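I opened my notebook to look up a few local features. Here is what I wrote down.

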Amino acid sequence: MPVQIGGGKVSEPRTRVDLSPTAVGDKARASSRKKSRNKKKAPAATSAAPVLPMQRLFDTSREVFLESSPGFVPPPDAVARLAALLNDLKPHDVGIDPCMPCFKHNDSKGPPQVTYLHFYDCSKFSFGIFCLPKSGVIPLHNHPGMTVFSKILFGSMHLKSYDWAKSLPDSSTNALENSDGTRLAKVNTDDAFDDSSETVVLYPENGGNLHCFTALTPCAVLDVMGPPYNRADGRDCAYYSEAPYSSSCGGDNQFSWLKEIPSTFEMKGIQMVRKFVA
């Protein structure tokens, strides 16, 4: 039967609506489930990608050597931060393996060839990895005006380092520098190191600024240095011969005479393809 409301005419409902409490509850639950299905899923929160070890090395080195110039020494907290990062690096972090050809000595007629994997350099700093087969040698050389971090990634090596002597070891009349160019140097380190050893740091005036490496086993050494060598600025790498120190009081194995010499030492250089985000 039609229902009259305020003069208007509304058709009789074709479907009966059940308003009982049970029916209303069932309908509400069904509606709730439908709404839940229709809700758009919130996009999953995306976590930032982890910073790769080599990118972290680049970032930290850039911060430590931000003010780098000849003679620059980073503050102690910066030295500790970069050294700690290097202490934690493993061969797989930098993409090297002891089975790589550069760690093998295949030419019995000559000395083992040293390979340098060059990752990055700018006017402030550079870093790369020296790869030495067993018995490989990097001769005694200097680092003019530089601070250098060295970390053995695997293997073992003997390290001998010097700093220029600032005074004579005895009351002899010897000078610190002779007319033929030889200079007196004091031993800083003369010991074996391996991958369990912590990062070694040398400075422009101390810490063993002149050093040589001899591989006791195949080994890899990662170096971070700042500022890099620069021949145009008169800071090229120089090599030295060693001669024992002696005086009227006898010898002293903590001192040696060093003389700059022409070097025939050559390394094989490999430019590594790495892109770092500045």
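This is a predicted model: local features need pLDDT of at least 70, side-chain atom pairs count only at pLDDT 80 or more; totals for chains, interfaces and linings use all residues.

Where is the place of serine 135? I found serine 135 in the loop between β4 and β5.

**Entry 1**

I looked up serine 135 for its phi. The value is positive, about 75°, although serine 135 is not a glycine. I reminded myself that most residues other than glycine have a negative phi.

Next I checked a peptide bond. Glycine 226 and proline 227 are joined by a cis peptide bond. Omega there is about -15°. For background, most peptide bonds are trans. I then placed proline 227: it sits in the loop between β11 and β12 (239–247).

**Entry 2: a pair of helices**

I noted how such pairs are described: by the angle between the axes and the distance between the axes. Then I looked up helix α2 (residues 53–64) and helix α3 (residues 76–88). They pack at an angle of about 165°, and their axes are 10 Å apart. Angles over 145 degrees count as roughly antiparallel, so α2 is roughly antiparallel to α3. The crossing of α2 past α3 is left-handed.

Which residues make the contact? From α2 I listed Arg56, Leu57, Thr60, Ser61, Glu63 and Val64. From α3 I listed Ala78, Arg81, Leu82, Leu85 and Leu86. I sorted the contact of α2 with α3 by class: 6 residues are nonpolar, 2 are polar and 3 are charged.

**Entry 3: the largest pocket**

I turned to pockets. The largest pocket has a volume of about 530 Å³. Its lining has 18 residues. Nearest its centre lie Tyr116, Phe130, Tyr229, Cys237 and Met267.

Which strands each supply at least two residues of this lining? I wrote down β3 (115–121), β4 (126–132), β5 (137–141) and β11 (219–226). The largest share of the lining, 3 residues, comes from β3. By class, I recorded 10 nonpolar, 4 polar and 4 charged residues in the lining of the largest pocket.

**Entry 4: the second largest pocket**

I found 13 residues lining it, and Pro101, Lys104, His105, Asn106 and Gln113 are the closest to its centre. The lining of the second largest pocket divides into 5 nonpolar, 5 polar and 3 charged residues.

Conventions: Residues are numbered from 1 along each chain as its sequence is written. Side-chain values use heavy atoms; hydrogens and water are left out. Axes are lines fitted to C-alpha atoms, for helices over the stretch in contact, and angles run from 0 to 180 degrees between N-to-C directions. Helices (H or I, at least four residues) and strands (E, at least two) are DSSP runs, numbered from the N terminus. Angles under 35 degrees count as roughly parallel, over 145 as roughly antiparallel, 65 to 115 as roughly perpendicular and the rest as oblique. A crossing is left-handed if the near helix is turned anticlockwise from the far one by less than a right angle, and right-handed if clockwise. Contact means heavy atoms within 4.5 Å. Ala, Val, Leu, Ile, Met, Phe, Trp, Tyr, Cys and Pro count as nonpolar, Asp, Glu, Lys and Arg as charged, and the others, Gly among them, as polar. On a 1 Å grid over the protein atoms alone, a cavity is a set of points where a 1.4 Å probe fits but cannot get out, and a pocket is an open set with protein on both sides within 12 Å along at least five of seven lines; lining residues have an atom within 4 Å of a point. Grid points are joined across faces, edges and corners, and a volume is the space filled by probe spheres set on the points.
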